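Q: I have a model open and want to read its features one by one. Where do we begin?

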Amino acid sequence: MFGMPEEEKLVNYYSCSYWKGKVPRQGWLYLSINHLCFYSYLLGKEVKLVVRWADMTQLEKSHVFSVFLNISETFKLAEQLANIAMRQLLDNKGFEQDRSLPKLKKKSPKKVSALKRDLDARAKSERYRALFRLPKDEKLDGHTDCTLWTPFNKMHILGQMFVSTNYICFTSKEETLCSLIIPLREVTIVEKADSSNVLPSPLSISTKNRKTFLFANLKDRDFLVQRISDFLQQTTSKIYLESELTGSLSSSDHEVTVLQHLMKFFALPSQAKEFMKEQAWKNHSAEYGQGVCMYRTEKTKELVLKGIPESMRGDLWLLFSGAINEMATHPGYYEDLVEKSMGKYNLATEEIERDLHRSLPEHPAFQNEMGIAALRRVLTAYAFRNPNIGYCQAMNIVTSVLLLYAKEEEAFWLLVALCERMLPDYYNTRVVGALVDQGVFEELAREYVPQLYDCMQDLGVISTISLSWFLTLFLSVMPFESAVVVVDCFFYDGIKVIFQLALSVLHANIDHLLGCKDDGEAMTVLGRYLDSVTNKDSTLPPIPHLHSLLTDNGEPHPEVDIFKLVRSSYEKFGSIRADAIEQMRFKQRLRVIQTIEDTTKRNVVRTIVTETAFSIDELEELYVLFKAEHLTSCYWGGSSNPTERHDPSLPYLEQYRIDVEQFKGLFNLLFPWANGAHSDPLAVRFFRLLDHNGDALINFREFISGLGVLCHGDLIEKLKLFYKMHVLPGESACASMPFSDVGKLSLGKPQKICVESLCSFLQSQFIELCKTLYSMFSEDVAEQELYHATATVTSLLLEMGEVGKLFSSASGRKDHNMEGNSERSTCSRDSEDPESTQEAGLDGVLPQRDDGDDTSMSSYSVLSAGSHELDEKLQCEDIAEDTVLVRSGDDGDWAITFEQFLASVLTEQALVHYFEKPVEVAARITNAKNVRKVGRALLSTSDYEISLSG
């Protein structure tokens, strides 16, 4: 129906109405992995709509598509598919996710439902991991309603049990009442307890620290016990293998220094308040448990808001962030990374070295080599673990704080949790995650501080403050001892804490901000306020705060207690929910990534617009087609791996590249020389000419360089390009010149033609050029005239080559030197008269045809022009291997120069007119837009003409 290839996977379809103008069209909405499609056939009128998910800028519930039986299901599925597409634009993982989906062998409703179930399961696993801060590869197996006996209040709490490969988790129906995480690595016994009327279908789970958790009211207890037992057996095997691996690593010769947390060396003695906090947490551990299997309740949250003790901060950060699980399941991983990364240098390590001494330079822990070396190891190890991120500014500041409170390996796993789960896409070259959350913050500001929103937008302050506040978790804008309290809350409650605190800061300064006249004044107001945030409970040594340099010399702002500020943020803005933030993030992610894509397009066009004769609009249209070809090849395969070809971290011009298969498609649609049976071979030759670095991929600039010559080049440029395309590498005539040098082109601007740099043709190359010429003219209005002209030119060139070969051979024979010189002199004198040349030179050198036809070259001709034109019209399919008759033997001395080729073509007006005729670029672009997408015309709208709200 839509001409999609078999590789495109349909997920589901829904009956709906599509509103175009005032008339709805009843039809079907089809959601596939890469496209949203609509089809309607009503009253003899057919309507098709195809939109690529990657081109969407907005996805909302609206009236464009309506009358769904299940609008929520449709919208959630569309959101998920659009998210996958955005991930594909952001990095390579999106394509890996697509290829991990099951392939459809039969197009049946059951198979479609299976694919949808796979996507549903993926979405549930993502929510499960986010809820309990679990590793990225954890997959939810199932969940069920149950009750949990909580000994701290002697109650059965109603909630849900979640079971996955490595964890059993519980959360109460009433949010924040109680949650629990039980890693299977900690479990020793899973058994069914005795049922009773009070406690039906109970399940008992015991752990290594001698704690027992009692679940009840389980609907299918026997199946659940069997499932957990199977996972437990697998986990036991994993632990055994890991222990062996760890033993082998520890017995090896290498040794990696793993430090204690740096604050141990620089903290002041504990004060009374610190001692009271430690006691409160110890009492909490005695009542609610400690470690990863701790009951997490509202009481836990209250203790976090009051401040985590300095001595416990690192351990609790590990626990609340979930980093403790990844560290426990990857023993020896960090030490191995450090060893592998030692002595390795790349762009990331250079940037790390540059920023090492800018990381909390005011703190004594980083004023000596011990702290600097630890920071270097952690940052370098992470850069090698995740080369997609590598290193980004602000990571050094956050990692410095982690090292103050956690051991070196713990700090590494905290950084992993921060960059890959808690602040996704924040720390990459384009800080996409931070830009997304900047948009979310703007939405929240509009809702919660509407009286200030318009003023802040006019001043442009929100975009400025959000990046600096969010990227460093307020560490770069608050006094250090206060900012670590924010980090405490962040690791416990996630990103909502940062949004709440940012809103509180704005709310506290409404009056001052409304009176600001420019962004500088507003930043000064906010800077003075944040400088005044204090933590009187801190035991840290006095640390000067560098951010105070941004403030003016006015009176200092009254002190603001950090604990009161945090509590106020929960009281005023605590209603912000994590799931609402994720919904807003999705909406903003579409906008941000498409904005980045538009910026990339503009940058690419701006880079090459001065080098080509194409207009800006034409370049933008061509870029869209080029990008679409790249993405289509990534969707449905190609001769190269899309995860290798697609790399958003590359410079603008290199982000989208196509291989020879994709180039063939664009060549047939856009290039005026694409005609006849030899279009694909000609495209391959053209591609090899454009591929300057020989990596079998061309970027947009290289693509435009070739198209520019054909569309805007003069006659000599085009003929030079045509000549170059048939000079193959590795042949004797070009052996001394790299093919990349042969292929370098201008971008269609007039240039000085340096024919001396062009190689001479060999006979085999000349034959290929002749084939190409004959195949180019099919369907041309002057087809017959062009064939006659081509026959004349090829015959003339072949005569020149044969004569040159004969004379070259004769000059090499010592006993015929004088005779050879005389012949060349005669040829030179007669060269002004073509007829004289043919009679005096060729008649005496070449064998004569018996039939006396002197318009062809007999057995030496590529095509006998005389016989063909007399018998029948020459067709492209006549150009075959068996039609080519050449003299056997070595053709090493046979050669045609570019000057000879150029002069021969200029003698035929039909060929001159063909190569000089103007090319309607706009018409070719329009045609390509209509037929390019998966090989079919779009009858109503196209993905280049629509911005969808659905």
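Q: Which residue stands opposite F38 of strand 3?
A: Pairing is read residue by residue across two strands. This is a predicted model, and in it L29 stands opposite F38 in strand 3. Strand 2 and strand 3 (residues 35–42) run antiparallel and are joined by four bridges. They form a hairpin with two residues between them.

Q: How many bridges pair strand 1 with strand 2?
A: Strand 1 (residues 10–20) pairs with strand 2 (residues 23–32) over 10 bridges, in the antiparallel sense. Take Y13: it faces Y30 in strand 2. This hairpin also has two residues between its strands, and there G21 takes a positive phi near 75°.

Q: In what order do the seven strands of the open sheet lie?
A: The order here is 9-8-7-6-12-11-10, and the pairing is antiparallel. Strand 9 and strand 10 (187–192) are the edge strands, each pairing on one side only. On average, neighbouring strands of this sheet are turned by 30° against each other, direction ignored.

Q: Which residue is the bridge partner of V190 in strand 11?
A: The partner is I205. Strand 10 and strand 11 (residues 203–207) run antiparallel, and five bridges join them.

Q: Now charges. How many salt bridges does the structure hold?
A: The general idea comes first. Side chains of opposite charge can pair when their charged atoms come close. The structure holds 33 salt bridges. One of them joins E420 to K136, with the closest N and O atoms 3.4 Å apart. The two residues lie in distant parts of the chain, 284 residues apart. E420 sits in helix 14 (residues 408–422), while K136 is in the loop between helix 3 (109–132) and strand 6 (140–150).

Q: Is E420 buried or exposed?
A: Compare the relative accessible area with the cut-off. E420 has 13%, so it counts as buried, because buried means under 20%.

Q: Which residue meets E175 in a salt bridge?
A: That is R577, at 2.9 Å from N to O. This pair also links distant parts of the chain, 402 residues apart. R577 is in the loop between helix 22 (562–573) and helix 23 (578–608). E175 is in the loop between strand 8 (167–172) and strand 9 (179–183). R577 is partly exposed, at 43% relative accessible area. E175 reaches 51% relative accessibility and therefore counts as exposed, since exposed means over 50%.

Q: What is the N to O distance between D579 and R577?
A: It is 3.2 Å, and these side chains too meet in a salt bridge. D579 is partly exposed, at 46% relative accessibility.

Q: Which residues are linked with K116 in a network of salt bridges?
A: A network is read as a set of linked residues. Here E73 and D120 are linked with K116.

Q: What does the side chain of S904 reach?
A: It reaches the backbone oxygen of Q900, at 2.8 Å.

Q: Which residues is S904 in contact with, leaving aside neighbours within four places in sequence?
A: With those neighbours set aside, S904 is in contact with V793, L796, L797 and M800.

Key:
Residues are numbered from 1 along each chain as its sequence is written. This is a predicted model: local features need pLDDT of at least 70, side-chain atom pairs count only at pLDDT 80 or more; totals for chains, interfaces and linings use all residues. Side-chain values use heavy atoms; hydrogens and water are left out. A salt bridge is a side-chain nitrogen of Lys or Arg within 4 Å of a carboxyl oxygen of Asp or Glu. Buried means under 20% relative accessible area, exposed over 50%, partly exposed in between (1.4 Å probe, protein chains only). Two strands pair if DSSP finds at least two bridges between them. Axes are lines fitted to C-alpha atoms, for helices over the stretch in contact, and angles run from 0 to 180 degrees between N-to-C directions. A polar contact is a pair of N or O atoms within 3.5 Å; within protein, one must be able to donate a hydrogen and the other to accept it, and residues adjacent in sequence count only if both atoms are side-chain atoms. Contact means heavy atoms within 4.5 Å.
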